[in-house]
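Student: I have the sequence and the model open. Can we go through some contacts and elements one at a time?

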Amino acid sequence: MAKGIKRKKSDALLDGFNYILLIFIGIVTLYPFWNITVLAFNNALDTLRGGIYLWPRQFTLDNFKVIFNMPQLSTAFINSILRTVAGSVLSVASTAMLAYVISRRDFIFQKFLQRLFVITMYVSGGLIPIYFVIKGLGLRDNFLVYLIPMLLQPFYLFVTRSYMDGLPVSLQEAAKIDGANDFKIFVKVILPLSMPIISTILLFVAVDQWNAWFDTFIYTSDKNLTTLQFELVRILSQSTSSVQNYEDLRNKTTAGGSVVTTPESIRMAITIVATIPIVLVYPFVQKYFVHGMTMGAVKG
Amino acid sequence: MKRGSTRKIAFALTLSLLFASLAACGGGGKTGEGTGDAQNGGDQPTTLSMFTFTEEVQDSLLTESPVWKKLMENTGVNIDLEVISGAGADEKRSVMIASGEYPDILDRVDERFIDAGALIPLDDLIEQYGPNIKKAWGDSLNKLRNPKDNKIYFLGSPKNRPQEVVEPNGSLLVQYDVLKKTGYPKLETLDDVYDMLAEYTAANKDIDGKPFIPWGLWADSWGYNITVNNPALWAYGFTDDSDAYVDQETYDVKYFNTTDYFKNYLKFLNKMYKNNFLDKNAFITKYDEFMSQVSNGRVLAMINNAGQVSEAEAALRQAGMPERAYARFPIVAEAGIKDRSQVYSESYDNGMGISVNCKDPVAAIKFIDYLLSEEGNVLLNWGIEGVHYDVIDGKRVQKPEVTEKWTSDPNYRWQEGFNVLDWWPQYNGAILLDDGDYASPFNINAIYNSYDAKTKEVLAKYGAKYWGELFDTFGEGTPYGYAWTIPIESGSAAQLASMKADELRHIMVGDIVMSPDDASFDSKWNTFVDKLYKESKIDVWEKAMSEAIKQRLELWGAES
C-alpha cells in the first residue's frame with residue numbers, strides 16, 4: 001500500500017517547500033514571545049542599550065521581584081484562579097444548556113430567542129448603563145460580578161449550537177423512546193457527544209476570565225476582591241507614571257544608582273507572569289481542542 | 001468512559017457553584033462594613049474615603065507606613081485611600097460622574113470634576129476652618145479660582161515661595177567626556193555648543209565602532225515637544241509656555257512654531273544637519289531607539305528633559321561609562337538673552353477637593369488644613385523626629401541610615417510614607433518654611449551626596465555644587481503662570497486646530513531642518529507657516545488662548 005502511489009519529484013519539492021514555509025511561520029510567531037522572555041530575564045538598564053535578541057546578556061530576576069513583591073499577590077492570585085475555574089465552568093454549563101434549547105427545532109420560541117441573542121452581538125448598552133445595571137443588581141463589590149455578566153456570550157452560544165445541530169436527531173429520538181426526558185437526553189446524549197466544542201469554549205472562556213481586569217477596576221473597590229491581572233495593570237501604570245511624570249521630576253531624587261528596573265522591562269515580566277499559567281492549560285485541552293475545531297468546521 | 005466524564009462535569013459544576021456561593025457570601029459580608037462610620041461622635045476618628053488619580057501611589061505600602069499612621073493620629077481622621085490606576089482612569093471618571101458616586105475627598109482632580117458638579121466650593125470652609133491654608137497660600141488663593149464662577153474648588157501644592165531648584169529639568173545636556181576633552185569650555189550660546197561639538201568630533205569619531213551622534217533629537221510623538229519645541233523656548237529666554245508664544249505686553253497669543261524665534265532655532269538645527277551633527281533618522285527615531293543611542297554613549301549633546309535620560313545615565317554608569325553621563329547647562333541663542341527655563345510660573349490645574357457627597361466637609365477641610373501646617377508639612381516630608389530625622393542645632397537632619405535607604409531602595413519612601421505625596425497641599429522641595437528650615441530633606445546637600453565622583457569632578461570645574469546652581473531659579477515668572485496649564489475645551493474648534501497643527505509640524509519640521517540650502521529652507525518654512533494658518537486654522541486656537549489668558553489675568557488680578 002505504501003508503494004501504491006508513487007511519489008513524484010514535484011511532490012517532494014512541494015513537501016520541502018511546505019516544511020520550510022511552516023518552519024518559517026513557526027519562528028515568526030514564536031520569536032516575539034521568546035524575545036519577551038529574554039528581555040524579562042535581562043537586566044533592565046542593559047536592555048535599554050538594545051541589541052538583545054536570542055539570549056539574555058545580563059541575567060537577572062529583578063524584574064520579577066518587582067512583581068512578586070506585590071502586597072496582595074496571594075489574594076489576587078486566588079481570586080483569579082477562583083474566577084477562572086468557577087467562571088468558565090458555570091459559563092460553559094449555561095452556554096451548553098441554552099445552545100441545546102435553541103438547537104431544538106421543535107422549540108416554538110427557537111427563532112425568536114435566537115434573534116434576541118444575535119442582537120446583543122451587535123448592540124451594546126455602553127459602559128455607564130451597564131454600570132447602573134450592575135449596581136442595581138447589587139453586584140458591586142461582590143464576587144458574583146466576575147461570574148454573572150460573563151455567563152453567556154452569544155458568539156460561543158452560536159458556535160455550540162451549530163455543533164449540536166450537526167448531531168443526528170435520531171440519537172435524541174432513540175433516547176426518547178428508551179424513556180429519557182429532555183434533561184437526561186441533554187446530559188447523557190448531547191453533552192458527551194459535544195465534548196470537543198465544550199472543551200474549546202471552556203478554553204476560550206477561561207482565557208477571557210483569566211485576562212479580565214476592567215471589571216475589577218470599575219465594579220469593585222474592596223481590596224479582597226482584587227485579581228491578578230488588575231494588580232499587574234496597576235504595577236505597570238505605577239512604574240510608567242513614575243518615569244513619565246516629568247513635570248514633577250524636579251522634586252524627586254532620580255540620581256544615584258537607585259534605578260533597578262524600567263517600565264519596559266516590567267512590562268515584559270508582566271507579560272510572562274500573565275501568560276504562563278493560562279498557556280499551561282492548553283496541553284490538557286489540546287486533544288479536544290484540535291478535534292473540536294475541525295469537527296465544528298466540517299459540520300457547522 | 002462517557003459515564004466518567006459526565007460525572008466529572010457534574011462534580012465540577014457542583015464545585016464551582018459552591019465556590020461561587022462561598023465567594024458571594026464573603027463579598028456580601030464585606031460591603032456592609034464601610035458605611036457605618038458617618039455618624040460617629042467626637043471621640044471616634046471620622047473615616048473619610050479618598051480617591052486619588054495619581055497612579056504611582058503605592059497605596060498598600062503607604063497606608064501601612066508609620067508616617068501615614070501618625071498623620072491619621074494627628075488629624076483625628078481615618079483616610080480610606082483608593083488609587084485610580086492610569087489605564088482606564090477615563091472610564092472610571094465617566095462612571096463616577098454619571099453615577100454620582102464620589103468618595104469624600106477627591107485628590108488630583110481637575111476642572112472636569114468641577115464642570116460635573118462633583119466638588120463643593122471651598123471658599124467659606126477655608127475662611128472658617130483653614131488658618132494654615134490662608135497663611136500658606138495668601139494671595140495665591142486667587143490663582144485657584146475657577147474662571148466660570150470665581151470660586152475655589154481644589155488645593156494643590158503651593159508654588160508661591162522661591163524654590164532653590166535642585167535638579168534642572170529641561171536644559172542643555174552635554175557628556176562629561178566632551179567637556180573634558182574640550183577643556184571645560186564656557187557654554188553660553190548655541191554657537192558655543194556648536195564649536196565645542198566641532199572640536200570634539202574632529203578628534204573623536206566613534207564609540208565601540210558606532211559613530212557619534214553629536215546632537216540628539218527624539219522628535220517622534222511628544223518627544224517633539226521636549227527636544228524641538230521647548231528647546232527653542234529656552235534658547236530665547238521664555239518660560240514653559242509650550243505651544244504658545246505670549247506677547248508679554250498685550251497678552252496676545254501666537255502659535256510658537258510660527259514665530260521667528262522658532263525659525264531661527266530651526267536654522268540652528270539646519271546648521272547642525274549640514275555639518276552631519278544630526279542622525280539621518282532624527283525625526284523618525286522611536287523612543288526605544290533613541291534610548292538605545294543615549295545609553296550606548298553615542299549622543300554627545302542635546303536639549304532635553306533631564307528626567308528623560310536618567311534611566312539611560314544609570315545604564316551608562318552600570319556599563320562602566322560614567323564619563324558619558326550628562327552635565328546640565330542653561331543655554332540661550334545669543335548673548336544677552338536671559339535663560340528662564342527653570343523659572344517657576346505659578347499656576348495650578350489640579351488638586352485635592354471635597355466632594356458633594358462628603359459626610360463631614362469640616363473634618364475634611366481641617367485635614368487639608370493640617371497638611372499645610374508646619375507640623376503636617378514636616379511630618380509628610382521629613383517623617384517622624386527621632387525615627388527619620390534628628391534636630392541638630394535647630395536644623396532638621398535626615399538620619400544617615402535613612403538617607404542611604406532613601407537613595408538605594410525606590411520603595412523605601414513608600415514603606416515609610418514620607419516625601420512621596422508631593423502634589424498634596426503642602427510644601428515640598430528646597431523651599432524654606434517659616435521656621436527657617438527646609439520643607440523637605442530633598443535639598444542641596446542630599447542631592448550632592450547622591451552624585452558620583454565623575455559628576456562632582458565636572459561640577460567642581462564649573463564652580464558649582466549642584467546643577468541647579470548654574471541656572472537662574474528665582475527669575476521672573478509670567479503673571480499668567482504657564483500657558484500649558486490653561487485648559488482648552490476638548491472637542492472645540494480650537495483644540496481641533498491645535499491637533500491638526502501638531503500633526504502638520506511632525507510631518508514638515510523635519511523636512512525644513514534637512515534643507516540642503518538657505519533658499520529651500522526659507523521656501524519650506526513659508527509653506528509650513530502658510531499651511532498652519534490655511535489648513536490647520538491655528539488662528540482659531542490663537543484666539544481662544546488669548547481670550548483664556550486675559551480671562552485668567554482678570555481673575556487673578558481680582559483681589560491681589
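Student: Which residue forms a salt bridge with Asp90(B)?
Tutor: This is a predicted model, so the distances here are computed from its atoms. In it, the closest N and O atoms of the pair are 2.7 Å apart. Both residues lie in helix H4 (residues 89-99) of chain B, three residues apart, about one turn of the helix. The partner is Arg93(B).

Student: Is Arg93(B) buried or exposed?
Tutor: Arg93(B) has a relative accessible area of 11%. Buried means under 20%. Arg93(B) is therefore buried.

Student: How many residues apart are Asp220(B) and Lys286(B)?
Tutor: Their side chains meet in a salt bridge of 3.5 Å, N to O. The pair links distant parts of the chain. Asp220(B) is in the loop between E7 and H10 of chain B, and Lys286(B) is in the loop between H11 and helix H12 (287-295) of chain B. The separation is 66 residues.

Student: Why does Lys286(B) count as partly exposed?
Tutor: The partly exposed class lies between the buried limit of 20% and the exposed limit of 50%. Lys286(B) falls in that class because its relative accessible area is 42%.

Student: In the salt bridge of Asp390(B) with Lys399(B), how far apart are the closest N and O atoms?
Tutor: Asp390(B) is partly exposed, with a relative accessible area of 26%. Lys399(B) is buried, at 17%. Their closest N and O atoms are apart by 3.3 Å.

Student: How many salt bridges does the structure hold over all chains?
Tutor: Some are linked in a network, which joins Arg104(A), Asp106(A), Lys176(A) and Asp182(A). Over all chains, the number of salt bridges is 43.

Student: Which side chain makes a polar contact of 2.9 Å with Asp46(A)?
Tutor: Asp46(A) sits in helix H2 (residues 44-48) of chain A. Its relative accessibility is 5%, so Asp46(A) counts as buried. Beyond four places in sequence, Asp46(A) touches Ile52(A), Arg57(A), Gln58(A) and Gln318(B). The 2.9 Å polar contact is with the side chain of Arg57(A).

Student: Which residue of chain A does Gln58(B) touch?
Tutor: Gln58(B) is in the loop between strand E1 (46-52) and helix H2 (59-62) of chain B. With 18% relative accessibility, Gln58(B) counts as buried. Not counting residues up to four places away in sequence, Gln58(B) touches Asn411(B), Trp414(B) and, from chain A, Gln238(A).

Student: What length does helix H11 (residues 260-274) of chain B reach from its first C-alpha to its last?
Tutor: This helix has 15 residues. At 1.5 Å a residue, 21 Å is expected. The model comes close to that, reaching 20 Å.

Student: What covers the buried residues of H11(B)?
Tutor: The buried residues of H11(B) include Phe262(B), Tyr265(B), Leu266(B), Phe268(B) and Met272(B). Two strands of chain B are part of the cover, E7 (213-215) and E10 (299-305). The cover also includes helices of chain B: H9 (190-203), H10 (223-235), H20 (493-513) and H21 (518-534).

Student: How far apart are the end C-alpha atoms of residues 81-103 of chain A?
Tutor: UniProt, in an unreviewed entry, lists residues 81-103 of chain A under "transmembrane region". In the model, this span is 100% helix and 0% strand. Its end C-alpha atoms lie apart by 32 Å.

Notes:
Residues are numbered from 1 along each chain as its sequence is written. Chains are lettered from A and ligands numbered from 1 in the order in which they are written. This is a predicted model: local features need pLDDT of at least 70, side-chain atom pairs count only at pLDDT 80 or more; totals for chains, interfaces and linings use all residues. Side-chain values use heavy atoms; hydrogens and water are left out. Helices (H or I, at least four residues) and strands (E, at least two) are DSSP runs, numbered from the N terminus. The expected span of a helix is 1.5 Å times one less than its number of residues. Buried means under 20% relative accessible area, exposed over 50%, partly exposed in between (1.4 Å probe, protein chains only). Contact means heavy atoms within 4.5 Å. UniProt positions are given in the numbering used here, feature names are shortened, and annotations may be inferred rather than shown by experiment. A polar contact is a pair of N or O atoms within 3.5 Å; within protein, one must be able to donate a hydrogen and the other to accept it, and residues adjacent in sequence count only if both atoms are side-chain atoms. A salt bridge is a side-chain nitrogen of Lys or Arg within 4 Å of a carboxyl oxygen of Asp or Glu.
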